[in-house]
Amino acid sequence: PLPTETIEVIRLWIDAGAPVQEQTFVALARLEEKTATSASLRVSFNQRPVRHLINENQLTVTVSDGAQARLLDSSQISLWWQSDTQLTIQLTFDEQVEHLALRFNQSHIHSVISQSNQLLDGDKDGLAGGEFYYEIQVDQ
């Protein structure tokens, strides 16, 4: 049996209409693999995104050799879905890269939405919208 206090909390929650807080649609990224001329990133979403809204032309990838930053061309970016919520991004470089930054969900370019029609909370501030930004110093 449940303690009386727990039963009371559940009763009050039900009396209040049993509200359930809607989960924010967010993404996380991490570096999976790095070579001298390539890198593989994994982006994980907590809900299933509408896949066709994420493509090479909607990502901004900036790389730096420590002195000069440059944007990767869409031909240097390949995407494939590992699952409904796991996206792999393969990047190829012309030169050694020390630093890279990935951006998407940029409102002036495009927006990412979930299959339940939620806008991605890219900046993780608890509000729908905002640019997703992932930056990493790549080991030599």
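Predicted model: local features only at pLDDT ≥ 70, side-chain atom pairs only at ≥ 80, totals over all residues.
- Within helix α1 (residues 4-15), where helices are DSSP runs of H or I with at least four residues and strands are runs of E with at least two, numbered from the N terminus, the side chains of Glu8 and Arg11 meet in a salt bridge with an N to O distance of 2.4 Å.
- Glu8 and Arg11 are 3 residues apart, about one turn of the helix, and Arg11 also forms a salt bridge with Asp15, the closest N and O atoms being 2.6 Å apart.
- Arg11 and Asp15, both in helix α1, are 4 residues apart, which is again about one turn of the helix.
- Glu8 counts as partly exposed because its relative accessibility is 34%, and Arg11 is partly exposed with a relative accessible area of 39%, whereas Asp15 counts as exposed at 53%; here buried means under 20% relative accessible area, exposed over 50% and partly exposed in between, for a 1.4 Å probe and protein chains only.
- Leu2, Ile7, Ile10, Trp13 and Ile14 make a nonpolar surface patch of about 480 Å², a patch being made of residues with over 30% relative accessible area and no salt bridge, with like charges joined within 9 Å and nonpolar side chains (Val, Leu, Ile, Met, Phe, Trp, Tyr) within 5 Å.
- Accessible areas come from the Shrake-Rupley method with a 1.4 Å probe, and for residues only the protein chains shown count as cover.
- Ile10, which lies in helix α1, counts as partly exposed because its relative accessibility is 36%.

- Glu95 forms a salt bridge with Arg70, with the closest N and O atoms 3.4 Å apart.
- This pair links distant parts of the chain, since Glu95 lies in the loop between β6 (86-92) and β7 (99-104) and Arg70 in strand β4 (residues 69-71), 25 residues apart.
- Glu95 counts as partly exposed at 41% relative accessibility, and Arg70 is partly exposed with a relative accessible area of 25%.
- Salt bridges that share partners join Glu8, Arg11 and Asp15 into one network.

**Strands β1 and β2**

- Strand β1 (residues 27-34) and strand β2 (residues 38-45) run antiparallel and are joined by 7 bridges, where two strands pair if DSSP finds at least two bridges between them.
- A hairpin through 3 residues joins β1 to β2, and the bridge partner of Ala27 in β2 is Phe45.

**Aromatic pairs and cluster**

- The count comes to 4 aromatic pairs, the rings of Phe, Tyr and Trp (its six-membered ring) being paired if their centres lie within 6.5 Å, with planes under 30 degrees apart counted as stacked, over 60 as edge-to-face and the rest as tilted.
- One of these pairs is formed by Phe45 and Trp81, and is tilted, with 6.0 Å centre to centre and 35 degrees between the planes.
- This pair links distant parts of the chain, with Phe45 in strand β2 and Trp81 in strand β5 (residues 77-81), 36 residues apart.

Definitions and conventions: Residues numbered from 1 in each chain as written. Heavy atoms only, no water. Salt bridge = Lys/Arg side-chain N within 4 Å of Asp/Glu carboxyl O.
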